[in-house]
Amino acid sequence: MAKVILTGDRPTGKLHIGHYVGSLRRRVQLQNEGDYDRMFVFMADVQALTDNADNPEKIRQNIIEVALDYLAAGLDPEKCVLFIQSQIPELAELTTYLMNLVSVARLQRNPTVKTEIKMRGFSQGEGEEEEANNSQRKGLPVGFFCYPISQAADITLFKANCVPAGEDQRPMLEQTRELVHSFNSTYGEVLVEPEILLPDNQACLRLPGTDGSAKMSKSLGNCIYLSDSADEVWQKVRGMYTDPTHLRVDDPGHLEGNCVFTYLDAFCTDEDFAEFWPEYANLDELKAHYTKGGLGDMKCKKFLNQVLNKTLEPMRVRRHELEQDIPAIYEILKKGTEQAREVAAQTMDEVRRAMRIDYFNDAELIAEQAARFKAE
Ligand code: TRP
């Protein structure tokens, strides 16, 4: 069977290093290994609009930011199709049909959506709606509630079987597999069941913010962006949350919840030690010294800064070059979108045929009906 890789991001902001270790780095690797028949990476602007309906300008501005981040990080339009979700009308069509194959109760059980509804303070249900009106809380938009179905369409329209994504996307992939199963057993084998491809490094499943909170998020101001200058990165690393009990250098340090070490887990290699800090052979040795005591936070932060910049500096340089010709970036996205639409049209033909809604191409149907009416 053909190997089709597909993944995407909501274009709600510039990409940060959490995106990079959680998914982007792996995509670039996969792309360069070349072990696939097709690879798609797209900007999920339709999904981004499900909770930003009143702020389309934000999405519009961030399309180009994310495209620049993708290309700067090494995604290559010659090897992988880059496209914009909203420009593929077939996605909306498939979503509509998949909606009939999943119950409201099943959607309500999706743990990622549950968490997101809570985080955004959306209210649900009749009683709550009233309460929401009083407290200025917003009712849950139907589009937001249904986005896992739209996401299943994203994946299945391209017959993707490999979806590189973070742990939080696991429930989406589960729902997608259920929908594929349901579609195929109802209408015939057309869609393909995808597998999630998780980051291989534990520290990458979810990189915490620089303040130690669970997640990097723009609103918390705790992100390191791929496009940050070297100086911005150093300011952020310098102010990073470490171990509040590690007051003097001689005190034993703790690793748990210590961002500097979490980030090192995600980024550093033995070669980085050889290059920047040869007193240690690897991260285990550094951790051992830190926990024993006698190693200051500042030294570790300086090392982390070097490690981060080793990855980020080439991206900065590439991004700067790409920024000089913005129309060319839109052209890349347009071309990718055209390529994606070809595949989309092909799958939709199969979907409509399987669902028996290809009326005008169904010669048998037309002949049958003609015969029936003649007989009467
Ligand atoms: N839900 C993903 C996110 O929040 C974005 C996304 C939309 C996606 N459709 C997808 C990811 C399909 C993988 C496959 O980042």
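## Paired strands and a negative patch

Six bridges join strand 1, which covers residues 4-9, to strand 2, and the two strands run parallel. Within this pairing, Ile 5 of the chain stands opposite Met 39, a residue that belongs to strand 2. Strand 2 itself spans residues 38-43 and is mostly covered, since five of its six residues are buried. As a general point, the side chains of a regular strand alternate between the two faces of the sheet.

These details belong to a predicted model, in which the secondary structure of the chain comes to 17 helices and five strands. The chain has 376 residues, and buried residues make up 48% of them. Taken along the principal axes, the C-alpha atoms fill a box of roughly 95 × 55 × 35 Å.

Elsewhere in the chain, Asp 270, Glu 271, Asp 284 and Glu 285 form a negative surface patch. Two helices, helix 13 and helix 14, each supply at least two residues of this patch.

| Element | Residues |
|---|---|
| Strand 1 | residues 4-9 |
| Strand 2 | residues 38-43 |
| Helix 13 | residues 270-276 |
| Helix 14 | residues 283-292 |

How values were computed:
Residues are numbered from 1 along each chain as its sequence is written. This is a predicted model: local features need pLDDT of at least 70, side-chain atom pairs count only at pLDDT 80 or more; totals for chains, interfaces and linings use all residues. Side-chain values use heavy atoms; hydrogens and water are left out. Patches are made of residues with over 30% relative accessible area and no salt bridge: like charges are joined within 9 Å, nonpolar side chains (Val, Leu, Ile, Met, Phe, Trp, Tyr) within 5 Å. Accessible areas come from the Shrake-Rupley method with a 1.4 Å probe; for residues, only the protein chains shown count as cover. A salt bridge is a side-chain nitrogen of Lys or Arg within 4 Å of a carboxyl oxygen of Asp or Glu. Lys and Arg count as positive and Asp and Glu as negative; His and the chain ends are not counted. The place of a charge is taken as NZ of Lys, CZ of Arg, CG of Asp or CD of Glu. Helices (H or I, at least four residues) and strands (E, at least two) are DSSP runs, numbered from the N terminus. Buried means under 20% relative accessible area, exposed over 50%, partly exposed in between (1.4 Å probe, protein chains only). Two strands pair if DSSP finds at least two bridges between them.
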